[in-house]
Amino acid sequence: MERASKLPNRLASRRSFLRAGLALGAGAAGTAFVGLPAFAKTQSGINAGDAAILRFLAAAEILETDLWQQYNELGGVQDGEVPGGSGSPTYTKALEVLDGDMPQYIHDNTEDELTHFRFINAYLASQGAKTVDLDKFRTLPSSKATGAQQIGRLTNLMQLTVDTSYWTRYRSRTKNPDFGDTFPPAVPDLAHGKFPAIPRSDKDLTPSDHIQAIANTAGFHFAFIEQGGTSLYPSLAQRVTSPEVLRILLSIGPTETMHFQTWFDKAGNAPPLTDPTNGLTFPDLNAPPLGGEDFQTNLIMPEPTIFLRRTFPVVSIIRPTETKGAAMAAATGLTADGLFIGQSEEFFDVLRGLAEAADAARKES
Ligand SMILES: [Fe+2]
Ligand SMILES: [Fe+2]
């Protein structure tokens, strides 16, 4: 994840304006609220910092749900647990090249995100704290491919720039992003340009290497999203005050890690190919110039690496987990991913406001 110092323009442009708004207690515009004075107690218990952290997490989970729902409509299992859509058999088949169980995993990941945001919002309400509702920002278009619902979306899966450096970050024994280290991407092409991770219309279903490239992009994107959650929860947990709020973060966070490891494993099965329509190349991760221990596709557990101080022995850990600026880093990472292309200024204001409030939260003794 990038740090707040590298904010994309959309998030950085109106920061000072928003800060002024927050200082006056005006909160973010729209249907999300960050209006409580810092560290004030809510009516029945949790302090404003805990509420701000939970609200940012609720927003992140709503956004995750929106993107997973789009994947599920076209490539997952559509049922009563995750309603909507009727599936795209050609896209689903391409996803199944990565693993025969992909539709089930997509379904289960989608349901998990739904429960995450519903639970966090319900808990906020139980504490007399404001909840998060982003419905007014459901303005982005759906895929026109057969199988997708035609409804407004919060996220855009059709112009993604996917950072696959998690691949080498979790395989490094000597580097840690919390020490300022950077990592090369597994799929360099995905870091440049804008690529669909779902078919934009039925035209994207052929030729076969094109729809497979779209499914491969999705496979690497799944792991990108879930590595973000894997870091976000432990990063924010360090600044919550209430033992019960800490319990919520420590109980949801590791499910993000379960998702991440699943997708980390499946992405390794993405077949090497070049998309004939745009040149997007998925390299053979087991062959030169890649290959070697950093890239081999059967590595799905974290390699031990440096943590806290270089003088300590290496240790197998989640990384990054730096708490300073963690919410803004997550918002920045999702924005850089292209998920919000087409969203309004007001949307970015709300997202920034929620992230700034969460990052202002401090653990109280
Ligand atoms: Fe989640
Ligand atoms: Fe997740």
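Biologist: Hi! What should I know before I start looking at this one?

Modeller: It's a predicted model, where local features need pLDDT of at least 70, side-chain atom pairs count only at pLDDT 80 or more, and totals for chains, interfaces and linings use all residues. Residues are numbered from 1 along each chain as its sequence is written, and chains are lettered from A and ligands numbered from 1 in the order in which they are written.

Biologist: Thanks. How many helices and strands does the protein have?

Modeller: There are eleven helices and two strands. Helices (H or I, at least four residues) and strands (E, at least two) are DSSP runs, numbered from the N terminus. Along the sequence the pattern reads α-α-α-α-α-α-α-α-β-β-α-α-α.

Biologist: And what share of the residues count as buried?

Modeller: 51% of the 365 residues do. A residue is buried if 20 or more other C-beta atoms lie within 10 Å of its own, exposed if 12 or fewer, and partly exposed in between, with C-beta atoms placed from the backbone.

Biologist: What about contacts between residues 24 or more positions apart?

Modeller: Such pairs make up 74% of the contacts in the protein with a separation of 6 or more. Two residues are in contact if their C-beta atoms, placed from the backbone, lie within 7 Å.

Biologist: Let's zoom in on α4. Which of its residues are buried?

Modeller: In α4, residues 89–96, the buried ones are Thr90, Tyr91, Ala94 and Leu95. They sit on the same side of α4, because they cover an arc of only 140 degrees around the axis. That arc is taken from the directions from the helix axis to the C-beta atoms.

Biologist: What covers them?

Modeller: The cover includes α3 (48–75), α5 (102–126) and α7 (208–237).

Biologist: How do α4 and α7 cross?

Modeller: Their axes come within 8 Å and cross at roughly 60 degrees, which makes α4 oblique to α7. Axes here are lines fitted to C-alpha atoms, for helices over the stretch in contact, and angles run from 0 to 180 degrees between N-to-C directions. Angles under 35 degrees count as roughly parallel, over 145 as roughly antiparallel, 65 to 115 as roughly perpendicular and the rest as oblique.

Biologist: Is that crossing left-handed or right-handed?

Modeller: The α4 and α7 crossing is right-handed. A crossing is left-handed if the near helix is turned anticlockwise from the far one by less than a right angle, and right-handed if clockwise.

Biologist: Which residues make the contact?

Modeller: From α4 there are Thr90, Tyr91, Ala94 and Leu95, and from α7 there are Ile211, Gln212, Ile214, Ala215 and Ala218. By class, the contact of α4 with α7 has seven nonpolar, two polar and no charged residues. Ala, Val, Leu, Ile, Met, Phe, Trp, Tyr, Cys and Pro count as nonpolar, Asp, Glu, Lys and Arg as charged, and the others, Gly among them, as polar.

Biologist: What does α3 do with α11?

Modeller: The axes of α3 and α11 (residues 345–360) come within 8 Å and cross at roughly 140 degrees, so the two helices are oblique to each other. Their crossing is left-handed. Ala52, Ile53, Arg55, Phe56 and Ala59 of α3 meet Leu351, Leu354, Ala355, Ala357, Ala358 and Ala360 of α11. That contact of α3 with α11 has ten nonpolar, no polar and one charged residues.

Biologist: And α3 with α5?

Modeller: The axes of α3 and α5 also come within 8 Å, crossing at roughly 150 degrees, and the two are therefore roughly antiparallel. The crossing of α3 and α5 is left-handed. Their contact has 15 nonpolar, nine polar and four charged residues.

Biologist: What's up with leucine 308?

Modeller: Its phi is near 65 degrees, a positive value in a residue other than glycine. Most residues other than glycine have a negative phi. Leucine 308 is in the loop between α9 and α10, and counts as exposed because it has 12 other C-beta atoms within 10 Å.

Biologist: Last one: is aspartate 189 buried or exposed?

Modeller: Aspartate 189 is buried, because it has 20 C-beta neighbours inside 10 Å. It lies in the loop between α6 and α7. Leaving aside neighbours within four places in sequence, aspartate 189 is in contact with Leu280 and Thr281.
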